[in-house]
Amino acid sequence: MQTKSNAGTIILTGLFVLLWSSGAIVSEIALTQGSPFALLLVRYAFALTVLIAIAVSRGRLLPTRASRPRVVLTGFLIAGVYTTCYLLAMEHGLRPGMLATLLGIQPLLTLALTERGFRPGRIAGLCCALAGVAMIVWDGIAGQQFGAAGLGFALLALVGITAGSILQKRETQAPSAVLPLQYLVGLVVVLAITPFEPFHMAWTPTFLVAGMWLGLGISVGATFALYRMIARGNLVNVTSTMYLVPGVTAVLDWAVLGHAMAPLGLAGLFAIVAGLVLAFR
């Protein structure tokens, strides 16, 4: 029984990492044919259609009344702040592998916010990972790949996913009970900002398939997997799976889009992974 449980955890984790890593690649492809907020509207249209259908089939469209303020705030942080800032960071020059690497410090940020009494190994890991982030940032700015705006949006995305995951750990309801309201909040955020941002899209198969993949594969599939892992395990250990994402994304970025990271960027990626290994061993 324990073996089956471990196998199930490995499969769930592997599925999450692959889906989550693909999001940046698909987003970059889609952004060649539409603006970030047009892509988000298509993404949320697909996601909400499926999530509402699942909720109705289970006879519960909204979470419990007492939990709704927390669910709304979690939705604002993850479906609102994280998702919008993620795409805006890409629009402002951050390539998929670079953005995933910067967001890869989420486990350490979660550790710093949720645990006390750091041992020397964790402090060394934190310093090593922060050095890696500094390399990535310096490489991007020196190469004029992105500016302050792109970095600012990436940091806001990091804050959104970290704070949202910490709040989600307090949730005892199934993902199907909270995700419709969370993504409805995300849609409201997008609609509120859309009039102030460029809005255009090409109704091509590529753009629509990308929106469908982001809506169903990431917003539904990957998020269901993430919430299941958060509910079952220690939050710091669960978010530590995020350190697998930068490497997988960097490989996909090179294989699919032909973007190879510069030597300094690669050094930063390895420094972050080494820091995470030190911090969580």
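Biologist: How many helices and how many strands does the protein have?

Modeller: The protein has 12 helices and zero strands. Helices are DSSP runs of H or I with at least four residues, strands are runs of E with at least two, and both are numbered from the N terminus. This is a predicted model, in which local features need pLDDT of at least 70 and side-chain atom pairs count only at pLDDT 80 or more, while totals for chains, interfaces and linings use all residues. Residues are numbered from 1 along each chain as its sequence is written, and side-chain values use heavy atoms, with hydrogens and water left out.

Biologist: Why is serine 27 called buried?

Modeller: Buried means under 20% relative accessible area, exposed means over 50%, and partly exposed lies in between, with a 1.4 Å probe and protein chains only. Serine 27 has a relative accessible area of 2%, and is therefore buried. This serine is found in helix 1. Of the 281 residues of the protein, 52% count as buried.

Biologist: What does serine 27 contact, leaving aside its neighbours within four places in sequence?

Modeller: Serine 27 is in contact with Leu39, Leu87, Met90 and Leu214. Contact means heavy atoms within 4.5 Å.

Biologist: What makes proline 263 exposed?

Modeller: Proline 263 has 71% relative accessibility, so it counts as exposed. The residue lies in helix 12, residues 263–280. Between the C-alpha atoms of proline 263 and methionine 135 there are 9.9 Å, and the two residues are 128 apart in sequence.

Biologist: Why does isoleucine 54 count as partly exposed?

Modeller: The relative accessibility of isoleucine 54 is 24%, and therefore this residue counts as partly exposed. Its place is in helix 2. Isoleucine 54 and proline 180 are 126 residues apart along the chain, with 9.2 Å between their C-alpha atoms.

Biologist: Is tryptophan 213 buried or partly exposed, and on what value does that rest?

Modeller: Tryptophan 213 has a relative accessible area of 36%, so it is partly exposed. This tryptophan sits in helix 9. Not counting residues up to four places away in sequence, tryptophan 213 touches Leu19, Ser22, Val26 and Ile218. Serine 22 is 191 residues from tryptophan 213 in sequence, and their C-alpha atoms are 9.3 Å apart.

Biologist: Why are helix 3 and helix 8 called oblique to each other?

Modeller: Angles under 35 degrees count as roughly parallel, over 145 as roughly antiparallel, 65 to 115 as roughly perpendicular, and the rest as oblique. Helix 3 (residues 68–91) and helix 8 (residues 175–193) pack at about 50°, with their axes 7 Å apart. The two helices are therefore oblique. Axes are lines fitted to C-alpha atoms, for helices over the stretch in contact, and angles run from 0 to 180 degrees between N-to-C directions.

Biologist: Which residues of helix 3 and helix 8 meet?

Modeller: Among them are Val71, Val72, Phe76 and Ala79 in helix 3, and Val178, Leu181, Val185 and Val189 in helix 8. The residues of this contact divide into 10 nonpolar, six polar and one charged. Ala, Val, Leu, Ile, Met, Phe, Trp, Tyr, Cys and Pro count as nonpolar, Asp, Glu, Lys and Arg as charged, and the others, Gly among them, as polar.

Biologist: What makes helix 8 oblique to helix 9?

Modeller: The axes of helix 8 and helix 9 come within 11 Å and cross at roughly 125°. Helix 8 is therefore oblique to helix 9. By class, their contact has six nonpolar, four polar and one charged residues.

Biologist: Why is helix 2 described as oblique to helix 9?

Modeller: Their axes come within 8 Å and cross at roughly 50°. That angle makes helix 2 oblique to helix 9. The contact includes Leu39, Val42 and Phe46 of helix 2 and Leu208, Met212 and Leu214 of helix 9. By class, it has 16 nonpolar, three polar and one charged residues.

Biologist: Which residues touch the most other members of the largest nonpolar core?

Modeller: Of its 63 residues, they are Phe16, Trp20, Tyr86 and Leu99. The largest share of this core, 12 residues, comes from helix 9. A nonpolar core is a set of buried Ala, Val, Leu, Ile, Met, Phe, Trp, Tyr and Cys residues joined through side-chain atoms within 4.5 Å.
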